[in-house]
Amino acid sequence: MNRRLSAARSAALAAVATLLLGACTGSGGDTEAAPAAHPVFSAPPARQVFLALRHTQETGGAALRQTVTFTAGRTTAVQTVTGRVDFAGARGEASSDWRIDPGFPATARDTILGDLVALETGAARGRYTVDTRAIHYRAGSAGYWLRYEGDIEPLWGVDSVSHLRGTESAVGGTLLEVLSGVRPKAGGGTVPGGGRTYRADFPLAHALALFPGDLVQELAPIPLFAGSPGAPVPVSVEVDGEGRIVRAGADLAAALPSSEESALAEVTGLRVELTLSDFGPPAPAVGTAPDGRVLDAARSVVPLYEAAAGSCVDLDTGMRHRSLVARVPCEGRHDARITGRHDLDGAYPGRDAALDRAERACADVKSPGNWRAWSTPSEWRDRGKGWVTCFRLS
């Protein structure tokens, strides 16, 4: 009798188990699959921003907009970069436009825009395309592109064009360059659409990738060049529900020099804001070469002292340096015509004496519209003599 009861009880338990199993299976009898892991949010919080950067790159491409804001008192100098990047094809295109308030400190303005001889506004506007082989730069007023490739250094120690090429994105100088090394705080706030926001930081040394070389020398304290990471820079990052970075912002005030003798001494704030949108393969495709006339920078971009008398030049080469010009035909539009070039023999005589010798060398063209440029103390020492170039603005 007991055996019969045990058998009946076992049969009943088996029936219940069968019913429960049937309730958890589909019509085909297969167990329902667990929810798929999210490409970003399923990972530990410390890795989520890094994975969001990689997932963003895997979309194929994006449109970008970044602003860099220098603040001095109640005035600002704002650079706006807009463009498109093809992550898969390692190419991109962008334009840069500076807006500077009246009253912004002149010395800081010249440092931020680049020191271009005879151009008060410096490189205020420009366009560029980037791929793995070359960087094409077009000044705001130019009717042609300069093609830089290979060893980009027309003047020893001067290269502010390579900064336009990035490592995390073809278009350089954006916050994408630092996000792979950020250190997120635990967790992440949520935003509508299933996305998340993060508060994080990155080493100040990484911020140097955001600026051209000549500006980095003014911004970065010397210890950064000795391998010191510098103070942490606060950054915020927003990731959408699909795991793509859509916004990032960083406060770079820690990068500003503290010396009262710095050209940026009156600048008290520095902030960068990046927005990404239109994810997917760019349409139309980002071209590998721009339309229009292209000049080979290796032959066209020369030190000012190499431009012969009677030749014509443009003053914005993308290198942000007053001693570099682009040689162009005089038959077309040009910034200036070279009216004379003279060597200044002997050792550097000091600022006032160098100015006096330069003025005397160009005395025959001393009239409105005529300018002169002469070698800096370091250039004078490097060449063993100085030079002065006389030119007339067009």
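**Rings and strands, with reasons**

Colleague: What makes Phe-70 and Trp-98 count as buried or exposed?

Modeller: Both Phe-70 and Trp-98 are buried. Buried means under 20% relative accessible area, exposed means over 50%, and partly exposed is in between (1.4 Å probe, protein chains only). Bear in mind that this is a predicted model, where local features need pLDDT of at least 70, side-chain atom pairs count only at pLDDT 80 or more, and totals for chains, interfaces and linings use all residues. Residues are numbered from 1 along each chain as its sequence is written, and side-chain values use heavy atoms, leaving out hydrogens and water.

Colleague: How many aromatic pairs are there, and what is the angle between the planes of Phe-70 and Trp-98?

Modeller: There are four aromatic pairs. Phe-70 and Trp-98 are 6.2 Å centre to centre with 35 degrees between the planes, and that pair is tilted. The rule is that rings of Phe, Tyr and Trp (its six-membered ring) pair if their centres lie within 6.5 Å; planes under 30 degrees apart count as stacked, over 60 as edge-to-face, and the rest as tilted. Phe-70 is in strand S1 and Trp-98 in strand S3, so the pair ties together parts 28 residues apart in sequence. Strands (E, at least two residues) and helices (H or I, at least four) are DSSP runs, numbered from the N terminus.

Colleague: Why is the pair of Tyr-348 and Trp-380 called edge-to-face?

Modeller: Their ring centres are 5.3 Å apart and their planes are at 70 degrees, so edge-to-face it is. Tyr-348 sits in the loop between strand S16 (336-344) and helix H7 (351-361), while Trp-380 is in helix H8 (residues 377-383), 32 residues apart.

Colleague: How do you know that the charged end of Arg-383 sits over the ring of Tyr-305?

Modeller: The charged end of Arg-383 is 4.3 Å from the centre of the Tyr-305 ring. To sit over a ring, NZ of Lys or CZ of Arg must be within 6 Å of the ring centre and within 35 degrees of the ring normal.

Colleague: What makes S2 and S3 a pair?

Modeller: They share ten bridges, in the antiparallel sense; pairing needs DSSP to find at least two bridges between two strands. S2 and S3 form a hairpin with four residues between them, and Val-85 stands opposite Gly-92 in S3.
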